[in-house]
Amino acid sequence: MIEPKIIRENYSEVKKNLLKRQQPEIIEKLDTWVNNDKEWRKLKQEVDELRQERNKITEEIKIAKANKKDITKLLDKAKKIPQTLKEKEETTKKLEEENKNILMTIPNLLDESVPYGVGEEGNIVIRKWGDINKKDFEVKHHGQLAESLQVADFKNAVKIAGEGFYSIKGDLALLNMAIVQYAIEKLTKKGFTLVIPPYMMNRTAYEGVTDLNDFENVMYKIDKENQYLTATSEHSLTAMLMNEIIDEKELPILQVGYSMNFRKEIGKHGLDERGLFRLHQFDKVEQIVFCKPEDSAKWHEEILKNAEELVKDLEIPYRVLLICTGDIGTVASKKYDIEVWSPREEKYFETHSLSNCTTYQATRLNIKYKKQNGEKEYLHTLNATEVAIPRMLRAIIENHQTKEGTIKIPKALHPYMLGKKEIKLKK
RNA sequence: GCGAGGGUGGCAGAGCGGUCUAAUGCGGCGGAUUGCUAAUCCGUUUCCUGAAAGGGAACACGAGUUCAAAUCUCGUCCCUCGCGCCA
């Protein structure tokens, strides 16, 4: 959520910025908010004045009583106030809530460097890495190959859990753990702290970190409980600092979250998105940064570098996209995606998303930092995929499969693979 | 889950219907003093609104009683101790 103060003080700039998103309804919301806000402030004044009056009379009663004077007149006067006050308080509160909800649906202000564009096509490729030349054999579908090597069992996973669930076993499961271990080790060495969060969050905390529509579309609610399964560790790690004031000296806070993630809405279109691509449950290693506003741009580049390094180490061809105004989403002020190469489909698919959320999440969650001089300000939050495991497994299976139908393990993962360098059929 | 006790400012901790403008202590920040440090002293240290003066709110959260609630009542959440259950 954008800080109300900023909209009040720089309305025209905010409007100009939001216009870049090419969604007229956002501007409508902005204007509604501004009008409501004016009214709310007026009402607040009135309420405060009424309260002041009440406080005065209350004080008079106290004094009169102490002096043993007659207080019936004062009491009559006082008795009238609560009714009017209550009515006004209710309208004020209602308006306040309404306006907060509007504000929550207004997206973040965009960074200057975000390119103008309509939809996905407007995204800009800023870097490419790796060899994407055609292989001299037919690349097999990752899920089918894994099943034929007896390291995945989609059929039985679906049997017991339903569509959108998977099971991997043997060396592929080992590879899963190897990637996790590798990613965590890499980030830990760079100063990130490993955090394993709860996989469920209550409604209040969750409202601080997600779009309200997500409660209907994305999140699984626990029956009869006030809890939701988390869709990413970004949510839990960020929400954990809710209502906290962090000393400037403690920034930046660098965290690497590892969690199982649960998502209701996954879509699914065709063979190549079957298998390890769109899932109701998957594990992911995530980078989270809390920092001072002036440092967030630098950290954005840093976490991009971390993610790129990992993909390079796994020897997967990839490209980096700078997401345009038409495709950026609500929360981010600036966003990069990493897409990796699918030699089977001969196109890139998305594996990483890296956002600088500036003060947007911090404002909603009320996370501030205290400066040396005692002033308090909202800090900046960034989140980035380090590696979403199933998608990376798909990339590895596709890019490192051999003519003979085995899967080579990238060298970087050898130390975590119990001596195995290849996944092949057990005799 | 049951029983008992409890949740007060950054922390510790008093207050238990109107003197709460929340005591006191510690810590933080600013300043004074001082060869340096320490000690001492003064100020400041929640949020909203307002250009400011000011006003308002806040004692876990929500509702209620009252002219008036940190203080009384109810509900929810959380913590501590004991019992029960459990990987």
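Reader: Which helix gives the most to the surface near RNA strand B, and with how many residues?

Author: The model is predicted: local features need pLDDT of at least 70, side-chain atom pairs count only at pLDDT 80 or more, and totals for chains, interfaces and linings use all residues. Residues are numbered from 1 along each chain as its sequence is written, while chains are lettered from A and ligands numbered from 1 in the order in which they are written.

The helix in question is H3, which gives 13 residues to the surface near RNA strand B, the most of any contributor. Helices (H or I, at least four residues) and strands (E, at least two) are DSSP runs, numbered from the N terminus.

H3 covers residues 24-66. Its 43 residues should span 63 Å at 1.5 Å a residue, and this agrees with the 62 Å between its end C-alpha atoms. The expected span is 1.5 Å times one less than the number of residues. After H3 comes lysine 68, with a positive phi near 60°.

Consider next the surface near RNA strand B. By type, the surface has nine charged, six polar and six nonpolar residues. Here Ala, Val, Leu, Ile, Met, Phe, Trp, Tyr, Cys and Pro count as nonpolar, Asp, Glu, Lys and Arg as charged, and the others, Gly among them, as polar.

H3 also has buried residues: Leu30, Trp33 and Trp40. A residue is buried if 20 or more other C-beta atoms lie within 10 Å of its own, exposed if 12 or fewer, and partly exposed in between, with C-beta atoms placed from the backbone. The cover over the buried residues of H3 includes helix H2 (11-19) and H4. An α-helix has 3.6 residues a turn, so residues three or four places apart point the same way.

Arginine 54 is partly exposed because 17 other C-beta atoms lie within 10 Å. Beyond its neighbours within four places in sequence, arginine 54 is in contact with Ile81 and Leu85; two residues are in contact if their C-beta atoms, placed from the backbone, lie within 7 Å. Lysine 79 is 25 residues away from arginine 54 along the chain, yet their C-alpha atoms are separated by 9.3 Å.

Four residues from domain 1 and four residues from domain 2 make the contact. On the side of domain 1 that touches domain 2, the residues are one nonpolar, one polar and two charged.

The largest nonpolar core has 89 residues, and Ile179 and Met392 have the most contacts inside it. A nonpolar core is a set of buried Ala, Val, Leu, Ile, Met, Phe, Trp, Tyr and Cys residues joined through C-beta atoms within 7 Å. Helix H7 (residues 170-189) provides the largest share of this core, seven residues. Because domain 1 and domain 2 both give residues to this core, it lies between them. Residues up to four places away in sequence aside, isoleucine 179 touches Val387, Ile389, Met392 and Leu413.

As for the whole, chain A has 13 helices and 15 strands. Its C-alpha atoms fill a box of roughly 100 × 45 × 40 Å along the principal axes. Of the 427 residues in chain A, 35% are buried. Among contacts between residues at least 6 apart in sequence, 73% join residues at least 24 apart.

Notes:
Domain bounds come from an automatic or database domain assignment.
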